[in-house]
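Reader: I'm new to this one. Can you walk me through how it is put together?
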Amino acid sequence: MKLYCLSNDPNKPCHVLTFREITMMLDCGLSMQSLLNFLPLSFVQSNRLLSLPNWMPNDTSDPDLEGELKENGDRVFVDSPPEFCPPLDKLVDFSQVDVILISNYLCMMALPFVTEGTGFKGRVYATEPTLQIGKLLLEELVIYIEQCPKASFATQWKNFLRKCPYPLNEAFTPKSWKHIYNMTSVNASLSTIQMVGYNEKIDVFGALQVIPASSGFCLGSANWVISTEHEKIVYLSGSSTLTTHPRPMDHHALKNADVLIMTDLTQTPISNPDSMLGVLCVVVGLTLRGGGNVLIPCYPTGVVYDLFECLSGKMQELGVSNCPMFFVSPVADMSLAYSNILAEWLSSVKQNKVYVPDEPFPHAMLVKSNKLKHFKHIYSEGFSTDFQEPCVVFCGHPSLRFGDVVQFIELWGNNPRNCIVFTEPDYDYIEALAPYQPLQIKVAHCAIDTSLNFTQANKLIRDLKPKTLVVPECYTQPPVSAPNLTELVIGNHPDSTLIPYKWGEVINLPLKRKQAQVFVDPNVAQNIIPIEVKPGISLSTITGTLSVKDNVHNIQNTSGDANMNKPVKYEWGSLNITEFLQKLSQEGITDAKVESLGGNVVVIHLQDEDALIQLEENSTHVVCNADEQLRTKLRHIVMQCLKKF
């Protein structure tokens, strides 16, 4: 079994697992750290951004580079539509991926890059909320970028990376970055998803069974259990043991795995989500009482539902409940409506409200009472009429590179009574604000990440007792933000072998198929005569035809009972290539091309017949595009070249 790591960001994971001849992708997260190297996209032309001076390396006068890079303070930014870092496509051919398992809606943002234009023909599995909310996130991202088109694309700066100042010179593989997909690709990609429910057993070509188990992180989030009759692999991504609005984490399903792959732990290892929420409420209350506005850059789903609930209560306590909250996103209305009809995916407390009947989230009541107002954009009809200050505005995008947040920073950035509060942990807030400096607005960093922290993760590993534990290498060292806190690591566990991995690596995992299930036809079984070779162990030869279809093995008696007593020859040994080529030639096949792939693997390509024969130490594969007559002929020639007894 092999594991390929295709993402450099463990919080936007993308892995490929090969096992039992199945190629399975685990998540397809999209790293968006690259966005911080670009200038913000603005609906309305910003004179300040337009007037930023050009930047050129000292010893360069390339006219093609002119105007691509702009300078603000000690930072240099690319003036171009933003680009994203998709999963690495050099290690694995995406057209060969059989199955993609999606853990949650934040881990599917690269799906169009994987399924569209790559020849992908596989299946994608996700829960209903993952599909529906993921669709909203993909839609929002495309709308934000497409509504602010740029006149030109910057391309030359990537050739001068070494001459650029920090942090641009340390950008991660910029030549592989891509511009965002369009809505046609998004819709085509989403059409490949098959919806599944928690604990639903999904058969994968007869070789494996996969089951999604609640991970407690967000609506519809899942950990995946991949199993055969004899092996169990657990993929744990984006999990939480905290009690918030999603269904609680299912621990039991994850126990006693042969291999546990653990990723997507907290991005805020030294802060507590509850205390951050408390700080946020205090900051918002003080700002509103001082006559200032609060700007909260956010995604249109997830933690934002908890913020509405928590803040509305706190604002009531502090006597500022007359200050409205605005939720601005191209998908705001869909997000609010959808979250209220997902009873089966909610915690029991929220579920019980549905059956009263009552809305599970207070934002439905807040909308009815005009405390929370939602709009697609700030230029939507009715926004300017309803808008009043002081207020709290939730809008995207958390990178501050596009979306309505760009306008609000322009509007409120020079007033020290206002405050911008960062709650999403995905981006460094100092880097996010860099192109807007100098700013007068107050800044509060209250990143709320409900994912497992290192203490919780280590406790969970002790409870689950996996034989092999596989984690990103960065989890085995203290975080950069707290190098002295050596407890903030995934340590060695006495019951588990720890295997770390990093971007671009292919890891051999210690899980080899030792046994498989075979169904024996009753007529064949009647002729089995076991002979005891040592106490408790009996052996018998078995004669029949082995049929393998969709990884189900059947031994059948195809000759009829009358022939069962005829002497049978059993083939064994390895194929003699020279003899095989001679016999092919005798059958009129003279265009065989032999290629050695190393590790005792030989491929024989029959060019005119468009067929491949792959010879390995313990197996032979004949691939001939469903030409059954040719396959039978080649099998017959192979059998002739083997020894018999």
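Predicted model: local features only at pLDDT ≥ 70, side-chain atom pairs only at ≥ 80, totals over all residues.

Reader: Which domains is the protein divided into?
Author: Domain 1 (2–267 + 451–508), domain 2 (273–445), domain 3 (518–565) and domain 4 (571–644); the bounds come from an automatic or database domain assignment.

Reader: How many residues does the largest nonpolar core have?
Author: The largest has 102 residues. A nonpolar core is a set of buried (under 20% relative accessible area, 1.4 Å probe, protein chains only) Ala, Val, Leu, Ile, Met, Phe, Trp, Tyr and Cys residues joined through side-chain atoms within 4.5 Å. Helix α3 (residues 128–146) gives the largest share, eight residues; helices are DSSP runs (H or I, at least four residues), numbered from the N terminus. Domain 1 and domain 2 each supply at least three residues to this core.

Reader: And what is Phe 394 in contact with?
Author: Beyond neighbours within four places in sequence, its contacts (heavy atoms within 4.5 Å) include Ile 296, Leu 307, Met 325 and Phe 327.

Reader: New topic. At what angle do α5 and α6 pack?
Author: Helix α5 (residues 273–289) and helix α6 (residues 303–317) pack at about 50°, axes 10 Å apart; axes are lines fitted to C-alpha atoms over the stretch in contact, and angles run from 0 to 180 degrees between N-to-C directions.

Terms used: Residues numbered from 1 in each chain as written. Heavy atoms only, no water. Buried < 20%, exposed > 50% of the residue type's maximum accessible area, 1.4 Å probe, protein only. Helix = DSSP H or I, 4+ residues; strand = E, 2+ residues; numbered from the N terminus.
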